[in-house]
Amino acid sequence: MKFSIIVPVYNRTKEIKELLRSLNRQEYTDFEIIIVEDGSTETCKNEVEAFTKQLSITYYFIPNGGQGFARNYGMKRAKGEYFVLFDSDCIIPPEYLRKLKNAIDERSLDAHGGPDAATKDFSLIQQAINYSMTSMLTTGGIRGKTKDHSSYQARGYNMGLSRLAFEASEGFIDPNKGEDIELSIRLKKLGFKLELVEEAFVYHKRRNTLFSFFKQSFSFGQNRVNVSRYHPEAIKAVHILPSLFLGYNIFVLLCIVLNLPYHEIFLSVLLLWFTIILVHAFLKTKSLLVAGLAVITSFGQLNAYGMGLITEKIKAILFRSGKYTDQ
C-alpha cells in the first residue's frame, strides 16, 4: 500500500522541519509527501527543498482558502491508495505508518482518526494543554480515548481516508469550521468504515500560549454548532457540559459578589474540581508545575468552549429568525 501524506501549511517554517525529520525516520517507507502552502506570507519552500533528496516530496503554493480546501488540493494530486492528513505542528513516531497499515489491513478500514500526545521536551504550557485536550476529566475521552472505536470523529491533525472514500465524499466542504468532524460524520453516512486507531498517535505541539489556546477552544465550541447545520445530531450531551460548567462558574461568581446564602458551599464544589484536576494531572504528568498549569488550561478551555457554543447557537437562532446576518 502506498500512502500519500498531505500537510497544509500556514506560516509554519520551524514546525515543518520537525515534521519532515520525523517522516524521514518512518519504518514503513512506501509513501509520498504533499506540502500545500495555504497562502503563507512566510513560506516553507526552502525548508521543504532541503528534504527532497531524502523524501518523495512535492510542494505547492495556493492562495489562502483554509486548511480543508488545502487538504482537498493535495488529495486531488496524490498518487497513493490511502491519504494521511497531518497538521504541520505534529511530530510522527517512527512506527506510525507501519501500525496504521496493519490496522487498515486487519480491520478493513476506509478511514481513520488517531489521538495525540506530548513529549517531555514540549514546553510546560504545551504539556498542560495536552492534558486538557486529552483527559477524561475535561474532554470526556472524545479525542482519542473512547472505548467504542467506531464512534470516533477524526480530527484533521491526525486522520486519513482511502482514495475511494475521498472520491465519493469529495473531501472537506467547510474549511476552518469543524470540517474534519463534518467529513467524519458524512463518511460514515456514506457507508465507509471510519474508526479510531489508538496506536497511530502523533506528538502534537498545539498552541503555545494561553490566549491562543483559549481562542482556539472558543472556536471549537463555535465549530460544533456549525457542524450541526449539516448534521443536527452532531451536538450531544458531552458537548453541552462545558456550557453548563460556564453557567455554574458565573452563578458562583454572582453568589460571591452578592454575598448570597450558602455561597461557600457552591464555591467549595468548584474548589473540589480544581483539586481533582490538579491531582489527576500530577499523576499523569509527574510534574507539579504542569499540573498547576493544567488547572488553568482546563478551566479556561471548558469555559471558552462553552462560551463559543452558546454564542454560535444564539447567532444561529437569530440568523434563522432574520435578526442576524453573517457579514
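D174 is a buried residue in this predicted model, with a relative accessible area of 11%. Its place in the chain is the loop between α6 (163-169) and α7 (179-189). Leaving aside residues up to four places away in sequence, D174 touches E179, N226, R229 and Y230. If you follow the chain from D174 to G191, you cover 17 residues in sequence, and the two C-alpha atoms are 21 Å apart in space.

**Two helix pairs**

Y230, one of the residues touched by D174, also belongs to the contact between α7 and α8. On the α7 side, that contact is made by I181, E182 and I185, while R224, V227 and Y230 take part from α8. Sorted by class, the residues of this contact are 4 nonpolar, no polar and 2 charged.

Helix α8 (residues 210-230) also packs with helix α5 (residues 124-134). Here I125, I129, S132 and M133 of α5 meet L210, F213 and F220 of α8. The class count for α5 with α8 is 6 nonpolar, 1 polar and no charged residues. The table puts the geometry of the two pairs side by side.

| Helix pair | Angle | Axes apart | Crossing |
|---|---|---|---|
| α5 and α8 | about 20° | 11 Å | right-handed |
| α7 and α8 | about 35° | 9 Å | right-handed |

**The nonpolar cores**

Now let us turn to the cores. In soluble globular proteins, nonpolar side chains tend to be buried together. In this model, the largest nonpolar core has 54 residues, and L20 and I35 are those with the most contacts inside it. Not counting residues up to four places away in sequence, I35 touches V7, V9, I16, L20, C44, V48, I57, T58, Y59 and Y60. Apart from that core lies another one, made of 12 residues, among them Y131, I277, V290 and L302.

**Helix α1 and its cover**

L20 brings us to helix α1 (residues 13-23), where L20 is one of the buried residues.

**Two loop residues with positive phi**

Finally, here are two loop residues to look up in the structure. N11 sits between β1 and α1. Its phi is positive, about 55°, although N11 is not a glycine.

S108 is in the loop between α4 (96-107) and β6 (111-113). The phi of S108 is near 50°, again a positive value in a residue other than glycine. S108 is exposed, with a relative accessible area of 51%, since exposed means over 50%.

Technical notes:
Residues are numbered from 1 along each chain as its sequence is written. This is a predicted model: local features need pLDDT of at least 70, side-chain atom pairs count only at pLDDT 80 or more; totals for chains, interfaces and linings use all residues. Side-chain values use heavy atoms; hydrogens and water are left out. A nonpolar core is a set of buried Ala, Val, Leu, Ile, Met, Phe, Trp, Tyr and Cys residues joined through side-chain atoms within 4.5 Å. Buried means under 20% relative accessible area, exposed over 50%, partly exposed in between (1.4 Å probe, protein chains only). Contact means heavy atoms within 4.5 Å. Axes are lines fitted to C-alpha atoms, for helices over the stretch in contact, and angles run from 0 to 180 degrees between N-to-C directions. Helices (H or I, at least four residues) and strands (E, at least two) are DSSP runs, numbered from the N terminus. A crossing is left-handed if the near helix is turned anticlockwise from the far one by less than a right angle, and right-handed if clockwise. Ala, Val, Leu, Ile, Met, Phe, Trp, Tyr, Cys and Pro count as nonpolar, Asp, Glu, Lys and Arg as charged, and the others, Gly among them, as polar.
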